Amino acid sequence: TSSSTMVDFLAENNLCGQAILRIVSCGNAIIAELLRLSEFIPGVFRLKDKADQQKYGDIIFDFSYFKGPETCEGKLEAKPELLDLDEEFRENNIEILTRFYLAFQSVHKYIVDLNRYLDDLNEGIYIQQTLETVLLNEDGKQLLCEALYLYGVMLLVIDQKIEGEVRERMLVSYYRYSAARSSADSNLDDICKLLRSTGYSSQPGAKRPPNYPESYFSRVPISETFISMVIGRLRSDDIYNQVSAYPLPEHRSTALATQAAMLYVILYFDPSILHTQQAKMREIVDKYFPDNWVISIYMGITVNLAEAWEPYKAAKTALNYTLDLSNVKEQASRYAAVTERVHTQVQQFLKEGCLREELVLDNIPKLLNCLRDCNVAIRWLMLHTADTTCDPNNKRLRQIKDQILTDSRYNSRILFQLLLDTAQFEFILKEMFKQMLSEKQAKWENYKKEGSERMTELADVFSGVKPLTRVEKNENLQAWFREISKQIMSLNYDDSTAAGRKTVQLIQALEEVQEFHQLESNLQVCQFLADTRKFLHQMIRTINIKEEVLITMQIVGDLSYAWQLIDSFTSIMQDSIRVSPSMVTKLRATFLKLASALDLPLLRINQANSPDLLSVSQYYSGELVSYVRKVLQIIPESMFTSLLKIIKLQTHDIIEVPTRLDKDKLRDYAQLGPRYEV
């Protein structure tokens, strides 16, 4: 029974699966809310400039407030003008403070819920389910790994987007202005403990606090068994079965990239591996980071391992092989060669009339390989040459990056052009495949009918009844062709594997009968046989149109790592639109490719039927829409620039033609130059 209860872990009646699915769905929604809110931090909480410090310094407190609330409040009450300011400040900010507080509270509730779920599993609340059995199930394993990883991502996002001091000031203000002070059951204490300032600053050049982020990650204790089992799974398994979408060994680290990012985050929950466990770290680097060191951890948030793992002895040592300049040189040169080769290929495919149905169906593996090469190269180059992932003050990182730029002959315009062409190529292929999938069965049945009828007609020819030039009656052949016609009719669409095998055998039989019975001499008979073989070939082609191809294209075409990096290409996009406005159609395919990044955070929310679906998808698609607007605002800009030129030419340069004029003046008034320009 244990295997059957595990079969559908995500079924609605599987309480164990639904509980962890809800937690993971919630985790993705919390991160979206944190990202959304981080753009609305009221500036005064930063107390950046002198004016703010003078005006609000006495009513905005950090956690030192909790050491002696009475003293702080006493100071306020002594000055009526401060009380008025405090009241006005409360009215203006209580709404946004409440929203921030609820987001912070949800992070704390998230880890409490996850810990409770693990306790329930441990205590046998879910019948026949233990941590071990859930980790044996494919969905269960993914969800448990995601649950811990998302908690780590939340903590990192909070620190990156909402600085520690600002969080403390907001939490204290909320505490002072809300009813939380009076209610004893509020878990404000726990939230403050979890989110107190870590000393981390996202400002460039800021020093990293000691033991960061592992000490931050350990503020709420989590079961060590759970952490080590999750790390074990992430180290050994291909938990999302991605390798099948990337059969080539040189694409392996890209195939495992999602998992590698999860492992990177989760290792901070067990820093002893990073510090001292050299064998494990070597194994992790060999499997996930032999040829890459800049990774995207969630919706385009990037990390450079050369910097991130600097403080950890085992991790740093293991990564040294990857960062050795000869390896950097080798990888960069390899991608230079790949990019050149595949770009020519893609441009060839995109030529008018090249992607026809027959060509596509006969070359599926070749087309998919080309797509894999393109996407892997774009990903590596985009991540490893990004400015955001290289601290300019760090000499070693700068050296590595310069090496890459030299050896990959990096040119951002060429890389962008490759991205555009790849996106366009993917878009066309996907649309063709969707169309072909929808017509697949009807076409197959039609080819079957045509082939079978040809064979019946040929049987009639050998019956001696149909007068066909110089064909003698032959009962054996008549019966044989009748049988073949029946065999073709008996092929079953629903059993595609068997039908495919049988179709190949029928084609061979038709080739053999032609040689064996010396039927080559009769052109009409040959024509019948050739036609039937053609229909059978078409059946094989058609049965090969599989949904898997679309799924592979979706996996391979992932661009979520560029969710933020794409911004560095904005000016190139705008320049190219200015030069050739028809570029917009290719950009459309690129934006659609970028939009597929939304699948990542929305997948679990959707599976959990969560009401958060709308707000989370609105947030990310809103971000995408405003980015697309930012790029496309160049169109009205260049239109208005052109209009201004036209107005100038028409009002200043072009002289009115009088109603009557001498013939010899005609040329002066024609003003061919300016008119041509208009």
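Buried, on this tour, means under 20% relative accessible area; exposed means over 50%, and partly exposed lies in between. By that rule, 50% of the 678 residues of the chain count as buried. The model is a predicted one.

**Stop 1: the whole chain**

You will find 33 helices and 2 strands. Along the principal axes, the C-alpha atoms fill a box of roughly 120 × 105 × 50 Å. The radius of gyration is 34 Å, while a compact globule of 678 residues would have one near 26 Å. Now think about contacts. Among those with a separation of 6 or more, 78% are between residues 24 or more positions apart.

**Stop 2: leucine 383**

Select leucine 383, in helix α20 (residues 364-384). Is this residue buried or exposed? Leucine 383 counts as buried because its relative accessibility is 2%, under the 20% cut-off. Beyond four places in sequence, leucine 383 touches Val294, Ser296, Thr302, Thr389, Tyr561 and Leu565. Then draw a distance to glutamate 307. The two C-alpha atoms are 14 Å apart, and the residues are 76 positions apart along the chain.

**Stop 3: threonine 339**

Move to helix α18 (residues 325-349) and pick threonine 339. With 11% relative accessibility, threonine 339 counts as buried. Which residues does it contact, leaving aside neighbours within four places in sequence? They are Ala377, Leu381 and Leu418.

**Stop 4**

Lysine 329 is partly exposed, with a relative accessible area of 42%. Aspartate 407 counts as buried, at 13% relative accessibility.

**Stop 5: more salt bridges**

Side chains of opposite charge can pair when their charged atoms come close. The count for this model comes to 33 salt bridges. Select aspartate 86 and arginine 176 for one of them; here N to O is 2.7 Å. Aspartate 86 lies in helix α5 (residues 80-122) and arginine 176 in helix α8 (residues 164-177), so the pair, 90 residues apart, links distant parts of the chain. Both residues are buried.

Now look along helix α8 for arginine 169 and glutamate 165. Their salt bridge has its closest N and O atoms 3.8 Å apart. How far apart are these two in the helix? They are 4 residues apart, so about one helical turn separates them. Arginine 169 counts as buried, at 13% relative accessibility. Glutamate 165 is partly exposed, with a relative accessible area of 46%.

**Stop 6: the cysteines**

Select the cysteines and show their sulfur atoms. A disulfide is a covalent bond between the sulfur atoms of two cysteines. How many disulfides does a search of the whole structure find? The search finds 0. Start with cysteine 26. Its closest cysteine sulfur belongs to cysteine 16 and is 18 Å away, so the two are too far apart for a bond. Cysteine 26 is partly exposed, with a relative accessible area of 32%.

Next, select cysteine 370. Cysteine 370 counts as buried, at 2% relative accessibility.

**Stop 7: a nonpolar surface patch**

Leucine 643 is partly exposed, with a relative accessible area of 41%. Together with Leu643, they make a nonpolar surface patch of about 420 Å².

Technical notes
Residues are numbered from 1 along each chain as its sequence is written. This is a predicted model: local features need pLDDT of at least 70, side-chain atom pairs count only at pLDDT 80 or more; totals for chains, interfaces and linings use all residues. Side-chain values use heavy atoms; hydrogens and water are left out. Buried means under 20% relative accessible area, exposed over 50%, partly exposed in between (1.4 Å probe, protein chains only). Contact means heavy atoms within 4.5 Å. Patches are made of residues with over 30% relative accessible area and no salt bridge: like charges are joined within 9 Å, nonpolar side chains (Val, Leu, Ile, Met, Phe, Trp, Tyr) within 5 Å. Accessible areas come from the Shrake-Rupley method with a 1.4 Å probe; for residues, only the protein chains shown count as cover. A salt bridge is a side-chain nitrogen of Lys or Arg within 4 Å of a carboxyl oxygen of Asp or Glu. A disulfide is a pair of cysteine sulfur atoms within 2.5 Å. The radius of gyration is taken over C-alpha atoms; the globule rule is 2.2 Å times the number of residues to the power 0.38.
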